[in-house]
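Subject: Structure for you to look at

Hello,

The sequence and the structure are below, followed by notes on what was found. Please have the viewer open while you read.

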Amino acid sequence: SLYAQGNTMSKASSQLHSSQFSEPGFLHQESWGARIVRVLRSIWPFIVLAIVQTVIALISMQLLHTLRALSAGESQWSKGHKDATMALNHYINTSDPVYYQTFITSIQVPLSDNLARHLLESESDLLDQEISQLLIQGRNEPADIKNLIWLFRNFGETSMVSSLLEKWRDSDPALLALQAQGNTINNAFIENGTPSAAQKQEWLA
């Protein structure tokens, strides 16, 4: 009968529908996708943590390398100041203008570093090329220049770096006084010739 045929077709359709969604491949695909989601949910905090730790490690390494470069630059600054002082003393004692040229060359090292620092304190990115050139004149390694600028701009307010910069600023008056003294002595040589012993003693005091 039509009723019986309808029941038979309904059962067949139900069995077909059931068999389609009970195939091993379908269940395997569904469980595999759910498994991926569960794994990702469980491990994503560790992935984020690993990325953060890697970034921190890289920044720490760069910071350590740059601090070493800053220390090397400080040594060159001190050496330039010392060499300039010794050259000026020799100039006073010998009246040989070669020593004055050595004085000019030596004092240019700390003066270049100081000018670079003043430009960095102006916080203008447009001056990076000029700052880089001045730092090179200050006998800093060219490969360290970008890192030194990065250190100043990103960590200049931290206690570790700011204390170094403060000591650097405190040395400015003595450096400028040495430069002015060298100019005064050289002008005296040009205008008056060889100075008297008393004048030399006054300069060397």
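Ser 171 is buried, with a relative accessible area of 18%; buried means under 20% relative accessible area, exposed over 50% and partly exposed in between, with a 1.4 Å probe and protein chains only. This is a predicted model, in which local features need pLDDT of at least 70 and side-chain atom pairs count only at pLDDT 80 or more, while totals for chains, interfaces and linings use all residues. Residues are numbered from 1 along each chain as its sequence is written, and side-chain values use heavy atoms, with hydrogens and water left out.

Ser 171 sits in the loop between H6 and helix H7 (172-192). Helices are DSSP runs of H or I with at least four residues, numbered from the N terminus. The Ser 171 side chain reaches the backbone oxygen of Trp 168 at 2.6 Å.

The 21 residues of H7 should span 30 Å at 1.5 Å a residue, and the end C-alpha atoms of H7 are 30 Å apart, which agrees. The expected span is 1.5 Å times one less than the number of residues. Buried residues in H7 include Leu 175, Leu 178, Gly 182, Ile 185 and Phe 189. An α-helix has 3.6 residues a turn, so residues three or four places apart point the same way. Just after H7, Gly 193 has a positive phi of about 75°.

The largest pocket holds about 380 Å³ of space. A pocket is an open set of points on a 1 Å grid over the protein atoms alone, where a 1.4 Å probe fits, with protein on both sides within 12 Å along at least five of seven lines; lining residues have an atom within 4 Å of a point. Of the 20 lining residues, Leu 70, Gly 73, Glu 74, Leu 165 and Trp 168 are the closest to the centre of the largest pocket. H2 (24-94), H3 (97-121), H5 (145-155) and H6 (159-170) each supply at least two lining residues, and H2 gives the largest share, six residues. The lining divides into twelve nonpolar, four polar and four charged residues.

The second largest pocket holds about 200 Å³. Its lining includes Leu 120, Phe 152, Arg 153, Leu 165 and Arg 169. H6 gives the most to this lining, with three residues. Here the division is three nonpolar, two polar and five charged. Ala, Val, Leu, Ile, Met, Phe, Trp, Tyr, Cys and Pro count as nonpolar, Asp, Glu, Lys and Arg as charged, and the others, Gly among them, as polar.

Regards

How values were computed. Points joined across faces, edges and corners; volume = space filled by probe spheres on them. Polar contact = N/O pair within 3.5 Å; in protein donor to acceptor, adjacent residues only side chain to side chain.
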